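Student: Could we go through this structure together? I would like to begin with one side chain.

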Amino acid sequence: PYATLFRSAAFVPEPDVDTLSEKANGGAVPPVVGQVPDAESEDLRSVEPDKPPPNIRKQIALGLASLAVLCIIGYAVYRLIPTKILAPEKVRLVVLPFKNLSGDPKQDYFSAGLTDEMITRLGSLDPRRLGVIAAASSNAQSGKPLKEIGRALGVQYALEGSVRREGNQVRIDVHLIQVSDQTDLWADSYSRDLTDILLVQDDVSAAVASQIRTALATTTVMSSSRFAKRSVNAEAYDAYLSGRFYWTNRGDLHKSIEAYQQAIQKDPQYALAYAGLAGSYALLGQVPYDDMSPLEAKPKARAAAEHALQLDPLLGEAHAVLANVAFSYDWNFEVAEQEFQRALALSPNNPTPHLWFSHYCIVRNRLPQALEENSRLLEIEPVSPLFNTNRAEIYYHARNYDAAITTASRAIEQYPNYWLAY
């Protein structure tokens, strides 16, 4: 339910303009015949050809001089101004859900959360050249043949892995596969204490980047050292992964909030836990959840996001929450625009800022921009029912009802129990 609707103005082209024919000039000028003296020899005789009038000669000379000047200027511009470099086509990678080999189904949240963490870490390597499929689409394709996954998601590489946990000891086995011929490009195992889990993620990210560096057409890879400035509190990290598990699956946001609060209790300096808490509160106070009054949920979301940014100003998730609160609760569009741009710049591979910004563009009646943002969203979540329904919603507000019906029907065909598409 948005207050503004798309209004299109009909474009009426101007009528064609007939080209006027040029008028012919006067008749031909009779040639002037001169006599050659008899004394001159025959081979020195010459007949001088007709010359154009002086004004035409001046115009031709002026035109040639102007053309020469333009050529010189054009060459100078070509040499002095750098040619625009076209953005290379993205290499696309999917991180398939890590298998839980602990033998305890209650540890599923840990392997799922670790998968999500790896997606975030790899997505931060080189966002311009490397597109990493987000968790929802990765989960939806889990268990399917690799070639089918490659076709559905348009990826060239897949990272598979397994996790075995015993107390605070974690063993992670990973291998990178080239989808086209299902060749194993690299594999490794890591056995670490849970407090060093961020270092494991860094090691895996560096190894993956090294293997696909040629495909990325770059010799440098963005450092992810910011993520691993210190070892983590094992209990806080465990609770954080639990909260992230419930957030990603949208199963029970109240459990997500409880888990994030436990992580904060274990480590009051845990910025990511505050950002996760902020996101959960933001969702609870809006459709389709509506499980908490916006008067209660949105201020709590803002407070948690601001605290997260005090601890780490570069958290895109927290900036996205501030943008959400600014436009959906405060109706402060100027602040919302600033925070959205900051969130998108810091977390280009995070689907949530893209989704919320597309909603913001609908509210602002910027429907072409909303469609562009949804296209970026579908690059990282191509088979998500929520994000495909978002596209149908944009078509609806643009009064392109046929496209809205087609898009929503496709989502229903793939996910018949997804009620929002109906």
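Student: Is Lys-300 buried, partly exposed or exposed?

Tutor: Lys-300 is partly exposed, because its relative accessible area is 34%; buried means under 20%, exposed over 50%, and partly exposed in between (1.4 Å probe, protein chains only). This is a predicted model, in which local features need pLDDT of at least 70 and side-chain atom pairs count only at pLDDT 80 or more, while totals for chains, interfaces and linings use all residues. Residues are numbered from 1 along each chain as its sequence is written, and side-chain values use heavy atoms, with hydrogens and water left out.

Student: Which residue forms a salt bridge with Lys-300?

Tutor: Glu-296 does, with the closest N and O atoms 3.1 Å apart. A salt bridge is a side-chain nitrogen of Lys or Arg within 4 Å of a carboxyl oxygen of Asp or Glu.

Student: Where do Glu-296 and Lys-300 lie?

Tutor: Both are in helix H10 (residues 294-311), four residues apart, or about one turn of the helix. Helices are DSSP runs (H or I, at least four residues), numbered from the N terminus.

Student: How many salt bridges does the structure hold?

Tutor: The structure holds 12. One of them joins the side chains of Arg-121 and Asp-202 at 2.7 Å, N to O. That pair links distant parts of the chain, with Arg-121 in helix H2 (residues 108-123) and Asp-202 in helix H5 (residues 197-211), 81 residues apart.

Student: Is Arg-121 buried or exposed?

Tutor: Arg-121 is buried, at 3% relative accessible area, and Asp-202 is buried too, at 15%.

Notes
Helices (H or I, at least four residues) and strands (E, at least two) are DSSP runs, numbered from the N terminus.
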